[in-house]
Amino acid sequence: MPATAPPGVGHLRGDEPFPAAARRALADPQLRRNLGHATTTIRAKSGAVIAELPDWQQLRDAGSAIKADVMARLPELLERLEAAVTAAGGVVHWAADAAEANRIVTGLVRATGHDRVIKVKSMATQEIGLNEALEAAGIEPVETDLAELIVQLGHDRPSHILVPAIHRNRAEIREIFLRAMPGVDLDLTDDPAALAGAARRYLRHTFLTTPVAVSGANFAVADTGTLAVVESEGNGRMCLTLPETLITVMGIEKVVPTWQDLEVFLQLLPRASTGERMNPYTSMWTGVTPGDGPQAFHLVLLDNGRTAVLADEAGRAALHCIRCSACLNVCPVYERTGGHAYGSVYPGPIGAVLSPQLTGVADNASLPYASSLCGACFDACPVKIDIPSMLVHLRDAAPHPRAESAAMAAAAYTMDHPRLYAAAQRAARLSRLAGPRGRGLPPPLSGWTAGRDLPEPPPQTFRDWWAAR
Ligand code: SF4
C-alpha cells in the first residue's frame with residue numbers, strides 16, 4: 001500500500017476530534033453570522049449563473065469523465081508532463097511527501113540567494129506547511145491573495161478553500177491590518193475599498209522588490225507542459241510574471257491530458273466557485289521564455305498520500321476535486337461550524353473525505369462523521385464526486401469502539417435470522433410500555449441517543465400487519 005501523508009509536518013491533522021472543535025465553533029455567534037452571510041451570498045450568485053447554462057449537467061459529466069480518465073493513466077500523464085516541462089526549459093522535481101516538498105522548495109529558494117518569497121494562494125503549500133518550513137529556514141513568505149494575507153497577518157488559519165478569511169468580518173480585518181501590516185495608514189476605516197487599497201499599496205511594493213515566487217497550480221496540461229493558475233485579484237498574475245524565479249508546487253492529480261480538457265474545467269470552475277461566468281485572471285505558462293517572465297521555473301510534483309487515495313477504488317474519485325468549494329457553501333454542517341473545526345486545510349465535505357484519505361483514516365477518524373449525509377455536496381459538485389458514498393465508505397474503514405462493533409455484529413446476526421428478528425421487533429414493541437420516548441438508550445448505546453430522539457416502535461410491525469391480511 002502506498003504511503004500516507006506523514007504526521008508532524010503540514011496541516012492535515014487537527015489537535016482534537018471534530019465534535020469537540022465543532023462544539024466550540026458553534027458557541028461563537030459572530031462566526032456563525034459571518035459564515036451564514038458569506039455562504040448564502042456565494043450560493044445565490046453561483047446558482048444564478050449555473051442556471052444560465054443549458055448544458056451544465058453535460059459539462060459536469062464531461063468534467064467527471066476527464067478526471068476518471070486522468071486517474072486511470074496518471075503515471076503515463078505525469079511522465080508526459082515532466083517531459084514537456086523539461087523540453088520547455090523548466091525543471092521537474094518529485095516529492096513523495098510534505099517533508100520532501102518543503103526540503104526541495106527551501107533548497108531552491110536558498111540557491112537564489114534571496115530570503116523572501118511572494119506567494120500565490122495555494123492549497124498544496126498550505127497542506128505541506130510550506131510557510132512554516134520557509135520561516136524555519138530564515139526565508140520570509142508573503143501571501144499575496146487578500147484573504148490569505150489577512151490570515152497570515154492575523155496569525156490565523158484558513159477556514160475555507162476559496163475564501164480563507166470567510167470567518168472574519170471587515171471590522172476584524174481592519175484591526176488585523178492596523179496591528180500587523182507594515183506602513184499601514186492609521187486612519188484606515190473598515191470600508192471594503194479602503195481595506196483593499198491598503199493591501200494593494202503594501203503588496204505592490206512587495207511584488208516589485210521580491211525576485212522569487214511560489215505558486216500552486218489548478219491544472220497542468222500533459223501534452224504541452226503548460227501550467228494554469230486561476231484567481232480573481234491579479235495578485236497571481238503579478239507573482240507569475242514579475243519574479244526571476246518561479247517555483248510551483250502541484251498535487252499530482254492536477255494534470256489533464258490536453259488543452260481541450262481545460263475548456264471544460266474553465267467553464268465549470270468559476271460558476272461553481274465564485275459564481276462568475278468567466279474567471280477574472282487565468283494565467284498560463286509553459287517552461288521559460290527568454291526575456292519574458294521568470295527565467296527559472298521549477299515544478300514540484302507532490303504525492304503526500306495521493307497514490308494511497310488512488311489505490312482505494314471506492315475513494316479515488318476524491319482526487320477529481322478541482323477545489324471549487326461549492327460543496328462547502330451548501331453544507332449545513334460547514335455553514336454552522338466553519339472550517340477550523342475540521343482541523344485540516346481541507347474543510348467541509350471534501351475535507352471530511354480527503355483529509356482522512358491522505359493521512360490514513362485512523363488519524364482523522366471523526367471527520368467522516370462530520371456530515372448529515374444530506375447529499376447537497378454531491379448535487380453541487382461540478383465534477384460529480386459522490387461525497388456521501390465516500391463518507392459512508394470511510395466510516396466503515398474508521399476504527400470503531402468495541403461496544404459499537406459488538407452492537408453492530410449483534411444487529412447483523414439478528415437481521416440475518418428472521419425468527420430472531422421478529423422476536424426482537426416484538427421486544428421493541430413491548431418497550432412502548434416502558435413510558436414516554438426520547439429518553440435514550442442505556443449504555444453502551446447511550447451515545448447514539450445523546451443527540452437524537454429514540455423513535456417510538458410502531459404499535460404493529462409490518463410482519464404482523466402482513467400476517468393479519
Ligand atoms: S468536491 Fe466537488 S464541490 Fe467540493 S471542492 Fe471539490 S470539486 Fe468543488
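1. Two strands count as paired if DSSP finds at least two bridges between them. In this predicted model, strand 5 (residues 219-221) and strand 6 (residues 226-231) pair over three bridges, in the antiparallel sense.

2. The next point concerns two helices. Two packed helices are described by the distance between their axes and the angle between them. For helix 8 (residues 146-153) and helix 9 (residues 170-180), the axes come within 9 Å and cross at roughly 60 degrees. The crossing of helix 8 past helix 9 is left-handed.

3. Which residues make the contact between helix 8 and helix 9? Helix 8 contributes Leu-146, Ile-150 and Leu-153; from helix 9 come Ile-173, Ile-176, Phe-177 and Ala-180. By class, this contact has seven nonpolar residues, with no polar and no charged ones.

4. The last point concerns the ligand. There are 13 residues around the ligand. Those that come nearest are Cys-321, Cys-324, Ser-325, Cys-327 and Cys-381. By class, the shell around the ligand divides into 11 nonpolar residues, one polar and one charged. When reading that count, note that Cys is classed as nonpolar here.

Note on methods
Residues are numbered from 1 along each chain as its sequence is written. This is a predicted model: local features need pLDDT of at least 70, side-chain atom pairs count only at pLDDT 80 or more; totals for chains, interfaces and linings use all residues. Side-chain values use heavy atoms; hydrogens and water are left out. Axes are lines fitted to C-alpha atoms, for helices over the stretch in contact, and angles run from 0 to 180 degrees between N-to-C directions. Helices (H or I, at least four residues) and strands (E, at least two) are DSSP runs, numbered from the N terminus. A crossing is left-handed if the near helix is turned anticlockwise from the far one by less than a right angle, and right-handed if clockwise. Contact means heavy atoms within 4.5 Å. A residue is near a molecule or strand if one of its heavy atoms lies within 4 Å of it.
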